[in-house]
Amino acid sequence: MRVKRLKFRPIAIVVSSFVLVIFAGAGLLCLPFAVKSGEPDFLVALFTATSATCVTGHTVVDTYTYFTGFGQAIVLLLIQIGGLGFITIISLFMLYIKKDVTLSDRKLALQSAGGLKMTGLKQLLKYIFIGTFSLEFLGAVLLCISFVPVYGWGLGIWQAVFTSISSFCNAGFSLTGANGGYSLAGFASDPLLLIVVMALIAIGGLGFYVWYDVIKNRFRPSRYSLHTKVVLIATGGIIVLAWALFMAFEWNNPGTIGGMNAGDKMLNSLFFAVTPRTAGHYTVDMNYFSDGSYILSNLLMFVGGSPGSTAGGVKTTTFVVLILTMITACRRERQVRVFKRGIEQDDVINAVTVSMLYVIAILLSVFIICGIDGGKDYVSDYGETWVAGINFKSVLFEVISAISATGLTMGITAELSVVSQVILILLMFFGRVGGYTLVLVFSETRRPPAITRLPEHIMIG
């Protein structure tokens, strides 16, 4: 009997690699010497492994106080693998070691690395690894200046390395539980630390192809691809606008930055503008955010970073295409254009598809979690019990944070039921690999229909 050889599409292999890494990581975190109590919990291990591999930052336990040094190292390894992509790592060795690299191998590497063209793939992968480790090393060295005086040499260096990798990969994990702190709340007045972390987050969220394009064209914007131009302008515009809005919303808020001096207010407002774009670090308890800041944070998390990066969300390019499509429709024009170039119709359809998938997943998840856990009391990161309990506002924030791979929280994660935590696990995975990617994995490759149907108008609006 002849057995058919199974053929997997490159995009399916990329998704499968994330599943493999998550369960391997969960298995390692279930080892008795990975947790300080010696009694690991599988759900905690799976949640943490998913969050780390999907570079989210959501946790149901404090990373420092729950995991041993071995467990923390596994979490950091998962963050690094998740940020770069397991297939990207394998592809680099494959392209440099194998002589007979097939077209399928190259397509697989391109899909994982977030490239646009097959040409220059080897060079792109080289830039990804050299750039990643160089920036993470530089970030760790600079962060040592802030961490070593607080934690001592050994723990201070480990804190710096962990925070640098976590920030660059947009993960949001931290080890500040060593002195009872949460995230970067104890460093809200440390300009060096906040600036370094923001720089790592922003660069990591631009996308590997954007780095390659900028370096290859020697910082000459006229030669940048349309993708690079859109990413750079959208990223800069969103950060500046969000910075101004956060300052307006929080300047006199005593629960957040109201008691700080003007310089710290401006710096922390800029930090708020950068970190919700899938990073997960925070300097104040977000339960005290004004309604304006709460809505703005949700929007920033939803948009996220850029394609082919360590960030999540629907992506900046998707957001830009949606805005341009709306403008085009209002002008009664037929082609979506930007920078004297037309955008492919398939890209417009994909942008609408991705956005709707995220919206549907968010609404469905909020509905289920509110139905299961709504009304429960919980304790915030600062030990204060919130009488209002787990409500729509906190659940929506948690769900958007999970699906956008951000990791910001209003403190309810550990208080959620097992079912709700499993939903967050699925959302983190959904957000990291991308909703449209999952659709492509499970859909069959169909031929275009032989017959084109006659179009007919329906009423819209």
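Modeller: Let me begin with a term we need: a polar contact is a pair of N or O atoms within 3.5 Å, and within protein one of them must be able to donate a hydrogen and the other to accept it. Please keep in mind that the model above is predicted.

Biologist: Thanks! With which side chain does the side chain of Thr256 make a polar contact?

Modeller: The partner is the side chain of Glu250, at 2.6 Å. Thr256 sits in the loop between α11 (226–250) and α12 (262–274). Setting aside neighbours within four places in sequence, Thr256 is in contact with Glu250 as well as Val284, Asp285, Tyr288 and Phe289.

Biologist: Let me try a second polar contact. What joins the side chains of Ser146 and Asp190?

Modeller: A polar contact of 2.8 Å joins those two side chains. Ser146 belongs to helix α7 (residues 121–151), and its 7% relative accessibility puts Ser146 among the buried residues. Beyond residues up to four places away in sequence, Ser146 touches Phe187, Asp190, Leu192 and Leu193.

Biologist: Now for the whole chain. How many helices and strands are there in the protein?

Modeller: The protein has 18 helices and four strands. It is 461 residues long, and 53% of these residues count as buried. Now look at contacts with a separation of 6 or more: residues 24 or more positions apart account for 71% of them. The accessible surface is about 22,200 Å², with 66% of it belonging to carbon and sulfur atoms.

Biologist: How should I read charged pairs?

Modeller: The general idea is that side chains of opposite charge can pair when their charged atoms come close. By the rule applied here, a Lys or Arg side-chain nitrogen within 4 Å of an Asp or Glu carboxyl oxygen, the count comes to two salt bridges. Asp291 pairs with Lys393, their closest N and O atoms being 3.4 Å apart. Asp291 lies in helix α13 (residues 291–303) and Lys393 in helix α16 (residues 392–403), so this pair ties together parts that are 102 residues apart in sequence. Asp291 counts as exposed at 55% relative accessibility, while Lys393, at 27%, counts as partly exposed.

Biologist: And with which residue does Arg337 form a salt bridge?

Modeller: Arg337 pairs with Glu333, and here the closest N and O atoms are 3.4 Å apart. Arg337 is partly exposed, with 45% relative accessibility, and Glu333 is partly exposed at 32%.

Biologist: Let's stay with α16. What does Ile403 contact, leaving aside its neighbours within four places in sequence?

Modeller: Ile403 lies in helix α16 and is in contact with Tyr358, Ala361, Ile362, Leu427, Phe430 and Gly431. The C-alpha atoms of Ile403 and Phe429 are 7.6 Å apart in space, although 26 residues separate the two in sequence. With 1% relative accessibility, Ile403 counts as buried.

Biologist: Which residues of α15 are buried?

Modeller: Among them are Tyr358, Ala361 and Ile362, three residues that Ile403 contacts. Just after α15, Gly375 takes a positive phi of about 95°.

Biologist: Which residues make the nonpolar surface patch of about 430 Å²?

Modeller: Val352, Met356, Val359, Ile360 and Leu363 make it. Val352 is found in α15 (residues 345–373) and counts as partly exposed, at 38% relative accessibility.

Methods. Residues are numbered from 1 along each chain as its sequence is written. This is a predicted model: local features need pLDDT of at least 70, side-chain atom pairs count only at pLDDT 80 or more; totals for chains, interfaces and linings use all residues. Side-chain values use heavy atoms; hydrogens and water are left out. Helices (H or I, at least four residues) and strands (E, at least two) are DSSP runs, numbered from the N terminus. Buried means under 20% relative accessible area, exposed over 50%, partly exposed in between (1.4 Å probe, protein chains only). Contact means heavy atoms within 4.5 Å. Accessible areas come from the Shrake-Rupley method with a 1.4 Å probe; for residues, only the protein chains shown count as cover. Patches are made of residues with over 30% relative accessible area and no salt bridge: like charges are joined within 9 Å, nonpolar side chains (Val, Leu, Ile, Met, Phe, Trp, Tyr) within 5 Å.
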